[in-house]
Amino acid sequence: MNSWLARLKQATYNTTFMYNIRMIIAFAGTAFVPYFIGQQLYTIPLTLGVVAAGLSDIDDRFSVRIMNLIYTYIGFFVTAVSVYLLFPYPILFAIGLIVSCIGWILLGSLGRRYATISYGCLVISVYSMLGVSLFDNWYTQASLLVIGAAWYGLISTISFLLFPVRQVQDKLAQCYSSLADFLFAKSNLFDVDMTPASYQQSMIELSLENGKLITIFNDMKTALLTRLKGDRGQRDTRRSLQYYFVAQDIHERADSAHIDYQKLSKIFEHSDILFRFQRILSLQAKACKDLSSSILQRTPYNHSKRFKHAFQNLKLSLEKLRAEQQYDQVWVNSLFSLYQNLKAIDSQLRNVETERHMNFDKAKHIENQLKDDDLKGWDDIVIRVKQHLTPESVLFRHAVRVSLVLFIGYIFVQLTDIQYGYWILLTALFVSQPNFNATKRRLYLRIIGTLIGIILGYAILYFIPSIEGQLLLLILSGVLFFELRSKQYAQATAFITILAMINFNLDGLGFAAAMPRMIDTLIGCALAWFGVSFIFPDWKFRRLPRTIKRSLQAQCDYLSEVVEQYKHGRNNGLNYRVVRRAAHNTDADVASLISTLATEPDFDPAQKAQAFEFLCLNHTFISYIAALGAHREKIKDQEVLNLLDKALDDIQGALLRDEVPDLTATNMLQAIRQRLSQNNDDDQKSLIILQQLSLMFSILDQISHLKQNLSHDHDPHATELASL
């Protein structure tokens, strides 16, 4: 009995299992309740209501969740009724379609919760077009859609009340899993057989992993903030907050660079030292994966005993290098700094669950520990919307693009009277994404998934003619769609196609709807491709120079804050974390922009090569700053403090104002090297500072030169990075 209870408890910790149970209950209700009451046609809008509600579901604290649900149901009802009332009047309907589409998408500028609600309303609008002829009364379909959504909302809310911290812990587990991927990518930089080409590829992969990690960190911050406002410091949430801060600290240390890795691989290619560093980084990545699993399974994390032996051997190897004096002591000092940094990461992982990592300051409101991005009133609403009323805004371009694509699709349906033509609009809505690359990928997957779904749907309708059997497969298809929609889009499309064919078969049109759906999907995909290629095309508005400028400004702000903490002492407060996150966010933006260049039409190969070179150097530069941040403590050496101020001024001048430093980089490096050569063991902190400044100045001219090259349009007729 105890064993059975333990398994049941473990099953409740499996988020995927519990989510699928929730969806089974939701779809079972919409499928079999109408069947038992003899109103089988009700299954169609009820099921579509569940789908729309599931797509617009958002994690939030209980009070806000209830308000979200109310706003969602009102939006669904008003949208569905508007479609019904305007449907007989094509001109008014077309105007309403454009205005409402732009309005719903721009509503996303107010925040994530409004973006998800508005997306659900857009989906409901097209669903209402598909079913406008099913019922006679204006309120019937709208009511059934809302009832289906409310049924899902009830189940979702019950699940939330049973497991209130589930979503936060899942996101926390994702943080550590992504952190592990970042550490694995970092370990590749210690490859002794590294070539210039393999180094650049490793840096690109590291930058992309960094971008993924920063995105997950931002999602985690949002989830924590809404919980902290609601539970006023519940211990589970505060514990998750502390885990989040630990993950951030590990990331800063892991991202830091104390050395030029290309030179490092050449100098120590016949030593075991690089293998030892690489092995420890891999072990720490594995430890983060284990910690992620422990969070998911709600089990204690046990730090591996292998670390102690690995660090002992690494320290012995480092001491041997120092004693032999075969290598420049500057390099050996850098390796010792790296060793200390990895030891600090090990300490964070080893003590992540101990009480001394759970010290919460009761004198402060815990909400103030995270930056609050929620709306602050009507003035804030007006400001946020105004910021996006320009073609320079990705959201504005997406709103105009999608509205025009849906308008063109609607005109096409009206002129051709094509069978089930509103599937064209549904396909265009689902496929259209804010950028060219994402849309292009979805086009292919949507077509493949629809084709597979039609083939399987034909087989299901032919071999399983009973209503009961088809309803069971409708439930299964709905569950698999939600399970796969963010992982395998083609498979998810196949299952939603099967669900649609079964739905239509309830009205006796299952076989007849199959081929029109395929044709409509192809037309919808063609319209989405046309929209993303010719209506405010992305590459005409993405300004790499502007993105580079923002990134360099954020890095200088980060460096400035680090310099201040060397003057006044270490402080891990909100301001420091905000500027650090801004630097990493903008670095991720640069990586995301440049990594999509290969998919853009007519890009300039020469500038693409320069862009990838800048990507590597940009991430290298922030890594050098991160190393300074990892070791930040108050120092009293006034000469070093003056040098920090001068270095900051020179770096800001070179990166932000394209100025030639008052003290040239050559002279600055000479002064730093002279100080390093003294090898004062009593002042290791000063040595680390000088070492990092030396690394920054070694690539400063190169970054400044690339920035200027990428900021000028040499050929106005060529589609190059400066016009992206």
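**Helix packing and selected residues in a predicted model**

Q: Which residues in H25 meet Leu552, Gln553, Cys556, Leu559, Ser560, Val563, Tyr566 and Lys567 in H22?
A: This is a predicted model, with residues numbered from 1 along each chain as its sequence is written, in which local features need pLDDT of at least 70, side-chain atom pairs count only at pLDDT 80 or more, and totals for chains, interfaces and linings use all residues. Side-chain values use heavy atoms, with hydrogens and water left out. Contact means heavy atoms within 4.5 Å, while helices (H or I, at least four residues) and strands (E, at least two) are DSSP runs numbered from the N terminus. The partners in H25 of those H22 residues are Leu641, Leu644, Asp645, Leu648, Ile651, Gln652, Leu655 and Leu656.

Q: Are H22 and H25 roughly parallel or roughly antiparallel?
A: Two packed helices are described by the angle between their axes and the distance between the axes. Axes are lines fitted to C-alpha atoms, for helices over the stretch in contact, and angles run from 0 to 180 degrees between N-to-C directions; angles under 35 degrees count as roughly parallel, over 145 as roughly antiparallel, 65 to 115 as roughly perpendicular and the rest as oblique. Helix H22 (residues 544-568) and helix H25 (residues 638-656) pack at about 175 degrees, with their axes 10 Å apart. H22 and H25 are therefore roughly antiparallel.

Q: How many nonpolar residues does the contact of H22 with H25 have?
A: In this classification Ala, Val, Leu, Ile, Met, Phe, Trp, Tyr, Cys and Pro count as nonpolar, Asp, Glu, Lys and Arg as charged, and the others, Gly among them, as polar. The contact of H22 with H25 has three polar and two charged residues, and its nonpolar residues number 11.

Q: Are H22 and H24 roughly parallel or roughly antiparallel?
A: H22 and helix H24 (residues 605-630) pack with their axes 9 Å apart, at an angle of about 15 degrees. Because of this angle, the two helices H22 and H24 are roughly parallel.

Q: How many charged residues does the contact of H22 with H24 have?
A: Residues that make this contact include Leu544, Ile548 and Tyr558 of H22, together with Phe614, Asn618 and Phe621 of H24. By class, the contact of H22 with H24 has 14 nonpolar residues and four polar ones, and of charged residues it has none.

Q: What is the handedness of the crossing of H8 and H12?
A: Helix H8 (residues 166-187) and helix H12 (residues 273-297) pack at about 170 degrees, with their axes 8 Å apart, which means that H8 is roughly antiparallel to H12. A crossing is left-handed if the near helix is turned anticlockwise from the far one by less than a right angle, and right-handed if clockwise. The crossing of H8 and H12 is left-handed.

Q: Where does threonine 450 lie, and is it buried or exposed?
A: Threonine 450 lies in helix H18 (residues 436-463), where, not counting residues up to four places away in sequence, it touches Thr493, Thr497, Arg517, Met518 and Thr521. Buried means under 20% relative accessible area, exposed over 50%, and partly exposed in between (1.4 Å probe, protein chains only).

Q: What is the relative accessible area of asparagine 503?
A: Asparagine 503 is found in helix H20 (residues 489-505), and, not counting residues up to four places away in sequence, it touches Thr43, Ile44, Thr47, Leu48 and Leu474. Asparagine 503 is buried, with a relative accessible area of 3%.

Q: How far apart in space are glycine 103 and valine 400, C-alpha to C-alpha?
A: Glycine 103 has its place in helix H5 (residues 90-106) and counts as partly exposed at 39% relative accessibility. Glycine 103 and valine 400 are 297 residues apart in sequence, whereas in space their C-alpha atoms are apart by 9.8 Å.

Q: Which loop holds tyrosine 420?
A: Phi of tyrosine 420 is near 50 degrees, a positive value in a residue other than glycine. Tyrosine 420 counts as buried at 18% relative accessibility, and its place is in the loop between helix H16 (394-416) and helix H17 (422-431).

Q: How many helices does the chain have?
A: Of the 724 residues of the chain, 56% count as buried. The chain has zero strands, and its helices number 27.
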